[in-house]
Amino acid sequence: MILVNTDYITGKELEMLGLVKGSTIQSKHLGKDITQGFKTLVGGELTTYNDMMNEARALATKRMVEEASALGADAIVNIRYASSAIMQGAAEVIAYGTAVKIK
């Protein structure tokens, strides 16, 4: 599966199949949430939350690819990511794009 954030693949003619998306809501356990709260007092990277968001993006991407595969797609173009806070320490990540078949 080819994944790109452009609306084309150089040298390829594409047949649009439709919008595909994948999402997840992730959180860290209370202990990690507390330690990251203390980290905000001294500053620096919140690595636990960084890891959480990386995992969430990977899972959302995987689910988007699965949806595109079910449509018979060869690629997904114009991929975008969005996130939103659901509650403190939890975030939703959505990946979406256009599933295409290469002619």
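## Overall make-up

The model is predicted. The protein has 103 residues, and 30% of them count as buried. Its secondary structure comes to two helices and four strands. Read from the N terminus, the elements follow the pattern β-β-α-α-β-β.

Among contacts with a separation of 6 or more, 75% involve residues 24 or more positions apart. The protein exposes about 6400 Å². Carbon and sulfur atoms supply 54% of that area.

## The sheet

The four strands form an open sheet. Their order is β1-β3-β4-β2, and the pairing is mixed. Which strands stand at the edges? They are β1, residues 2-3, and β2, residues 14-27. Each has a single partner strand, so one side of each is left without a neighbour in the sheet.

Helix α2, residues 47-70, packs on this sheet. The helix touches β1, β2, β3 and β4. Its direction makes about 145° with that of β2.

Strands of a sheet pair through backbone hydrogen bonds, in either a parallel or an antiparallel manner. Two antiparallel pairings can be described here. Strand β2 is joined to β4, residues 90-102, by 13 bridges, and the two run antiparallel. Ser23 stands opposite Ile94 in β4. Ser27 has Ala90 of β4 as its bridge partner.

On the β3 side, 10 bridges join β3 to β4, again with antiparallel strands. In this pairing, Ser84 stands opposite Glu92 in β4. Strands β3 and β4 also form a hairpin, with two residues between the strands. Gly89 in this hairpin takes a positive phi near 85°.

## Asn78

A second backbone angle deserves a look. Most residues other than glycine have a negative phi. Asn78 has a phi near 55°, a positive value in a residue other than glycine. Asn78 is found in strand β3. Its relative accessible area is 30%, so Asn78 is partly exposed.

## A nonpolar surface patch

Which residues form a nonpolar patch on the surface? They are Ile25, Ile86 and Met87. Together they have about 330 Å² of accessible area. Ile86 lies in strand β3. With a relative accessible area of 46%, Ile86 is partly exposed.

## Salt bridges

Side chains of opposite charge can pair when their charged atoms come close. How many salt bridges does a search of the whole structure find? The search finds four.

| Pair | N to O distance |
|---|---|
| Lys21 and Glu67 | 3.4 Å |
| Glu66 and Lys62 | 2.9 Å |
| Asp74 and Lys101 | 3.7 Å |

Lys21 forms a salt bridge with Glu67. This pair links distant parts of the chain, with Lys21 in strand β2 and Glu67 in helix α2. The two residues are 46 residues apart. Lys21 is partly exposed, at a relative accessible area of 42%. Glu67 is also partly exposed, at 27%.

Glu66 counts as partly exposed at 44% relative accessibility. Lys62 is partly exposed too, with a relative accessible area of 47%.

The side chains of Asp74 and Lys101 meet in a salt bridge. This pair again links distant parts of the chain, 27 residues apart. Asp74 is in the loop between α2 and β3, and Lys101 is in strand β4. Asp74 counts as partly exposed, at 29% relative accessibility. Lys101 is partly exposed as well, with a relative accessible area of 33%.

## In brief

An open sheet of four strands has helix α2 packed on it. Strand β4 joins β2 through 13 bridges and β3 through 10 bridges.

Methods
Residues numbered from 1 in each chain as written. Predicted model: local features only at pLDDT ≥ 70, side-chain atom pairs only at ≥ 80, totals over all residues. Heavy atoms only, no water. Pairing = 2+ DSSP bridges. Contact = heavy atoms within 4.5 Å. Axes fitted to C-alpha atoms, helices over the stretch in contact; angles between N-to-C directions. Patch = residues over 30% accessible without salt bridge, like charges linked within 9 Å, V, L, I, M, F, W, Y side chains within 5 Å. Areas by Shrake-Rupley, 256 points an atom, 1.4 Å probe, with all protein chains shown as cover. Buried < 20%, exposed > 50% of the residue type's maximum accessible area, 1.4 Å probe, protein only.
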